[in-house]
Amino acid sequence: MTEKVRNGLLGKLNDAQKALDRGDKGPALAKLGDFITQVEGQYGKGISTTNGDLLLGYSDNLIALISG
């Protein structure tokens, strides 16, 4: 994974956490959606399929927890 991809993914996760810290579930879910879109775009290219599957699975779990 390139540094640009890694930074982009981490930025989205950090933004989601900041939104949750403010109690804003909607923006947090939107950032996680952006995270998923970026993972899918890099799937099998900048992100291996194994790591992509893990990241997508974790993202889905986070969304389920936040959505409650």
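Exposed means over 50% relative accessible area, buried under 20%, and partly exposed in between, with a 1.4 Å probe and protein chains only. The model is predicted: local features need pLDDT of at least 70, side-chain atom pairs count only at pLDDT 80 or more, and totals for chains, interfaces and linings use all residues. Residues are numbered from 1 along each chain as its sequence is written, and side-chain values use heavy atoms, with hydrogens and water left out.

The buried residues of α1 are Val-5, Gly-8, Leu-9, Ala-16 and Ala-19. They sit on the same side of α1, because their arc around the axis is only 95 degrees. The arc is taken over the directions from the helix axis to the C-beta atoms. Helices (H or I, at least four residues) are DSSP runs, numbered from the N terminus. The cover over the buried residues of α1 includes α2. The 19 residues of α1 should span 27 Å at 1.5 Å a residue, and the 26 Å between its end C-alpha atoms agrees. The expected span is 1.5 Å times one less than the number of residues. Gly-23 follows α1 and has a positive phi, near 85 degrees.

In α2, burial extends to Ala-28, Leu-32, Phe-35, Ile-36, Gln-38 and Val-39. These buried residues fall within an arc of 165 degrees, so they line one face of α2. Both α1 and α3 are among the elements that cover them.

The largest nonpolar core has seven residues: Val-5, Leu-9, Phe-35, Ile-36, Val-39, Ile-47 and Leu-56. Such a core is a set of buried Ala, Val, Leu, Ile, Met, Phe, Trp, Tyr and Cys residues joined through side-chain atoms within 4.5 Å. Two elements, α1 (3-21) and α2 (25-42), each give two or more residues to this core. The most come from α2, with three. A second, separate core has five residues, among them Ala-16, Ala-19, Ala-28 and Leu-32.

Leu-9 is in contact (heavy atoms within 4.5 Å) with Met-1, Phe-35, Gln-38, Val-39 and Ile-47, leaving aside neighbours within four places in sequence. Ser-59 lies in α3 (residues 49-67). Ser-59 counts as buried because its relative accessibility is 2%. Ser-59 touches Phe-35 and Ile-36, residues up to four places away in sequence not being counted.
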